[in-house]
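Here's a quick briefing for anyone opening this one up for the first time. Have a look, then read on.

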Amino acid sequence: MLLSIAWKNVWRNRMRSLIVMIAVTIGMIGGIFSSAVFKGMSDQRVKEAIKYETSHIQIHHPQFMENQELGFTVGSSRQLAADIRSIPGVRSVSRRLEVPVMIKSTATGTGVQLMGIDPGKEKGVTAIHEALYDSADVAEHYGFTDPEKIHSFLRDSVGEYFRESSRARQIVIGEELAEQLKADIKTKLVVNLQTTDGSLSGGVFRVAGIYRITNSTFENTVAFVKKEALAELTGLDTASAHEIAIRVDDNRQVDLLVDQLSQKYPGLSVMSWKEIQPELGMITQWLDVMLYFIMVIILLALGFGIVNTMLMVVMERVKELGMLMAIGMNRARVFGMIMLETIFLSITGGVIGMVLAGLLIRYFGNHGINLESFARGFEAIGYNPMLYPQIGMPFYLTITGLIILTAIVASIYPAVKALRMNPAEALRIEI
Amino acid sequence: MKILTLNNVHKIYNESEVQVHAVNSVSLGFDKGEFAAIVGPSGSGKTTLLNMIGGLDQPTEGEIIVNSTNIGDLKPSKLIDFRMYNIGFVFQAYNLIPVLTARENVEFIMHLQGWPKQRREARSRELLEAVGLGDRMDSRPSKMSGGQQQRVAVARALASKPRFVLADEPTANLDSQATENLLDIMERLNREEEVTFIFSTHDNRVVKKAHRVITIEDGQVETDELQKDR
């Protein structure tokens with residue numbers, strides 16, 4: 001009966017209750033949706049960083065990350081890669097040479113990190129080959145419908161990933177670097193570097209493809225050539241590697257595999273993507289805390305509104321509460337009734353807010369939020385201007401718990417105020 | 001054997017450094033089934049006396065004994081239970097729970113006492129029919145007249161079969177017809193349910209119906225007379 005009375009009491013002052021519920025609903029939509037946007041952004045960033053930049057795990061010579069000396073290789077990299085590939089959970093492995101170089105066009109020059117890769121193996125680890133150009137964009141832009149024509153256009157005008165059969169020195173650069181060097185497909189670029197014997201060497205590479213990802217810094221500083229070409233220029237053995245990049249089946253296995261590999265190869269440095277790009281690790285670790293913090297602040301603000309409303313409720317019903325206590329309703333029941341009313345008031349708005357926020361997240365999660373007009377800013381910090389909000393079920397469950405907790409906390413002061421009343425005095429009050 | 005005894009009860013309020021002796025050395029006894037009116041002008045101490053009898057207020061001095069229990073000795077939590085099981089209240093302003101129907105209002109105390117649903121329903125129907133509201137059981141207080149609401153309040157006060165019912169100016173807000181009606185019902189239920197009724201009033205129509213009239217003035221009992229035999 002207490003449940004029924006509390007629920008009916010909520011609707012005694014319909015307008016006031018609706019205002020509180022609408023406030024809670026709006027607060028919930030705002031909090032959950034913005035959390036979903038942040039979460040979606042962060043997850044996208046992490047996914048894209050793993051997909052295009054770092055892969056899941058990298059293995060280096062222990063000193064390589066501090067000092068990128070040509071000689072800091074991982075030893076017998078072929079055998080190492082084969083061993084790692086056989087570990088359950090490992091999807092693919094790529095051996096890379098990684099050399100800091102100067103790259104020049106006829107217009108200008110700049111320093112970049114040149115990655116010497118095996119294109120076939122690299123496709124299994126990162127997806128730069130998918131980022132060269134979007135064929136759908138080409139088709140839409142030029143009105144092409146024939147796949148052959150699109151393919152031919154991509155090869156001749158937009159570029160392609162390394163042609164396996166080609167013996168020419170090809171280079172794949174980022175769009176940002178291409179703009180800086182004023183380079184285009186088939187533009188010749190000169191690469192200068194230091195060889196293993198300390199002398200300077202150089203070579204000419206022709207731009208085979210221009211990749212475009214959401215991280216303009218990466219685009220501007222990382223270029224790819226075939227491993228044999230880089231080995232030839234530096235004097236390194238093609239069997240050696242500065243970096244073993246590993247892609248795993250499930251991101252959740254990364255920490256486990258890092259431990260496993262660290263134990264297996266104690267002389268090498270094994271790092272997960274969180275260690276390679278610490279800012280990403282920090283984002284994923286702290287974002288959840290921040291999102292809950294945002295929700296707690298919103299709920300705290302709503303909580304004060306709820307306290308105010310419930311105080312009004314108690315003050316308006318002094319006489320009735322006095323009567324209830326007079327006829328035998330004990331303090332625990334009076335407290336429970338006020339608490340239930342507060343919970344109903346809060347949870348109704350909370351549930352409506354969560355449902356509406358869920359629908360908004362579902363819609364924008366499928367269609368995305370296009371912030372193309374801020375693309376340069378987003379890409380400068382590695383984020384995709386097309387945002388896909390997303391949030392997990394545990395977040396919803398925690399929010400439900402937080403709303404109930406807020407309601408309970410918010411009900412304490414009004415309920416205590418009610419309990420302090422003397423029934424005889426309360427009955428005398430004229431309202 | 002008295003079901004209610006007041007021994008030398010005093011109530012003193014300290015208001016702005018002035019002591020107000022609201023009830024002054026009152027000693028009374030009530031038998032089972034009495035229909036007694038406490039009469040007096042406004043401020044004479046009627047309500048204070050009823051509040052103390054009902055355990056809503058504590059005497060400054062003296063004792064109130066209900067069936068050999070001195071209610072002044074009860075802890076607050078026990079006192080609430082004591083009120084729930086022993087005393088029915090009828091208030092001047094009806095004080096029904098506005099979100100509940102007449103039947104639910106009557107069942108409320110039985111619910112607090114943990115009565116099973118069937119018994120609650122049977123008892124509430126019996127009482128609402130007894131007060132002439134058998135056809136308004138599912139009406140909310142806002143849809144009822146003052147007289148009807150006060151009859152629901154009487155049914156509620158009797159619901160859990162208390163030892164006595166305290167009614168503070170029960171007819172103050174009612175017209176003469178409704179007052180007559182209510183008094184007849186209270187008198188009949190007093191007889192049928194064998195429950196002691198003690199009510200405060202300054203309404204002569206009520207006084208005429210009472211079997212025993214206790215006149216109180218300045219907190220002291222002036223007269224205590226039997227008008228009718230029970």
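In chain A, helix α1 (residues 2-10) packs against helix α14 (residues 331-367) at about 50 degrees, with their axes 8 Å apart. That angle makes α1(A) oblique to α14(A), a label for whatever is left once under 35 degrees is called roughly parallel, over 145 roughly antiparallel and 65 to 115 roughly perpendicular. All of this comes from a predicted model, where local features need pLDDT of at least 70, side-chain atom pairs count only at pLDDT 80 or more, and totals for chains, interfaces and linings use all residues. Residues are numbered from 1 along each chain as its sequence is written, while chains are lettered from A and ligands numbered from 1 in the order in which they are written.

**The helix pair**
- α1(A) passes α14(A) in a right-handed crossing (the near helix is turned clockwise from the far one by less than a right angle).
- Contact here means C-beta atoms, placed from the backbone, within 7 Å; the residues involved include A:Trp7 of α1(A) and A:Phe344 of α14(A).
- By class, that contact has ten nonpolar, two polar and two charged residues.

**Domains of chain A**
- The domain assignment gives domain 1 (2-48 + 282-428) and domain 2 (62-267).
- Their C-alpha centres lie 49 Å apart.
- Six residues of domain 1 touch five of domain 2.

**A hairpin in chain B**
- Strands β1 (residues 4-15) and β2 (residues 18-30) of chain B run antiparallel, joined by nine bridges (pairing takes at least two DSSP bridges).
- B:Glu15 sits opposite B:Val18.
- Two residues lie between the strands, and B:Ser16 takes a positive phi near 45 degrees.

Methods
Axes fitted to C-alpha atoms, helices over the stretch in contact; angles between N-to-C directions. Helix = DSSP H or I, 4+ residues; strand = E, 2+ residues; numbered from the N terminus. Contact = placed C-beta atoms within 7 Å. Nonpolar A, V, L, I, M, F, W, Y, C, P; charged D, E, K, R; others polar. Domains from an automatic or database assignment.
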